[in-house]
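Student: Let's work through this model together, with questions on its side-chain pairings.

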Amino acid sequence: MSLLDNPEEIKGKVNELRNQITTKALHLVNVVMPAKVLQLNEMYNRSNLQLSLKSVHQPIETDANADTKIKKRKLEEESESGSNNDNNNNINNADVPCNKAILDVTVELKREILELIEIITCTKIWIQLNIPKIEDGHNSGVMIQEETVAELGRSEDSGYAILDNISKYFSSRAKLVTKVLKNPHVLDYRQAVKELDEEEYVTLQLCLLDLRNNYAIMYDMITKNLDKIKTPRRTDHLASIF
C-alpha cells in the first residue's frame with residue numbers, strides 16, 4: 001500500500017515535519033541569530049577587513065612590448081588575407097590573479113550570505129505555518145506575523161543583492177584588466193582598476209555591517225513579538241471581551 005492510500009499517515013508525517021521546522025526555527029531565533037550578530041561583528045574588526053585602501057591595490061604584470069606586438073599583429077593580419085585569427089589578442093598569456101584582499105573577504109561573505117538565506121527560509125516558513133485562517137477581528141497578531149515575514153524578505157533580498165554586486169565586480173574588473181593588458185602604457189586603465197578595487201573593498205565592509213545589522217533587527221523583532229508570532233489570535237474567553 002502506497003503512502004497516498006493512507007491519508008492519516010500523510011497527515012501525521014506533515015505534522016511531524018511541521019514540528020521539526022518549529023524546533024529548528026526556535027533554535028535559529030534564540031541561539032543562532034544572536035550568535036551571528038557577535039560573530040559578524042568580530043569578523044568586521046578582523047585585520048583583513050581593516051586594511052588601508054592603499055593596501056588593497058594589487059599590481060598587474062604586463063608585457064612591456066605589448067603595444068609593438070599589437071601593431072605588428074595588425075599589420076600581419078592586414079597583409080595575410082584569410083589568415084587564422086584564433087590567436088588574436090594573446091598578448092599576455094600569463095594568468096592575471098584576482099585581487100587577493102578582496103577575494104578573501106568575498107569568499108567569507110558569500111558563505112555568510114548563503115547561511116543567512118537558509119536561516120531566513122526556515123524562519124519564514126515557520127511563521128507562515130503559524131498564520132491562522134482568515135477571520136474577522138483579532139488580527140493584530142496576524143499583522144505582526146506578516147510584517148515579520150516582510151522584514152525577513154527584505155533581509156533576504158539584501159543578501160541576494162550582495163551576491164549580484166560581487167558578480168558584477170568581477171565582471172567589471174575582468175574588462176578593465178583586459179584593457180590594461182592590451183594597453184599597458186595607458187595609465188588611466190591601471191588607475192581605474194585601483195579605483196574599482198577600493199570601491200569594492202569599502203562596499204564589502206558595508207555589506208558585512210548590513211549583514212550583522214539584519215541579524216540584529218530580525219532577532220530583536222522576532223523575540224519582542226514571539227508570543228504573537230506563536231499564537232497570533234487568542235481564542236479564550238478573555239480575548240472575546242476586547
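Predicted model: local features only at pLDDT ≥ 70, side-chain atom pairs only at ≥ 80, totals over all residues.

Student: Which side chain does Lys24 meet in a salt bridge?
Tutor: The N to O distance of the pair is 3.9 Å. The cut-off is 4 Å, so the pair counts. The partner is Glu118.

Student: How many residues apart in sequence are the parts that Glu118 and Lys24 tie together?
Tutor: Glu118 lies in helix α4 (residues 100–129). Lys24 lies in helix α1 (residues 7–44). The pair therefore ties together parts whose separation in sequence is 94 residues.

Student: Arg46 forms a salt bridge with Glu108. Is Glu108 buried or exposed?
Tutor: The closest N and O atoms of Arg46 and Glu108 are 2.3 Å apart. Arg46 is partly exposed at 35% relative accessibility. Glu108 has a relative accessible area of 15%. Buried means under 20%, so Glu108 is buried.

Student: Where do Lys224 and Asp220 lie?
Tutor: Lys224 forms a salt bridge with Asp220, with the closest N and O atoms 3.1 Å apart. The two residues are 4 apart, about one turn of the helix. Both lie in helix α6.

Student: How many salt bridges does the count come to?
Tutor: The rule takes a side-chain nitrogen of Lys or Arg within 4 Å of a carboxyl oxygen of Asp or Glu. By this rule, the count is 11.

Key: Residues numbered from 1 in each chain as written. Heavy atoms only, no water. Buried < 20%, exposed > 50% of the residue type's maximum accessible area, 1.4 Å probe, protein only.
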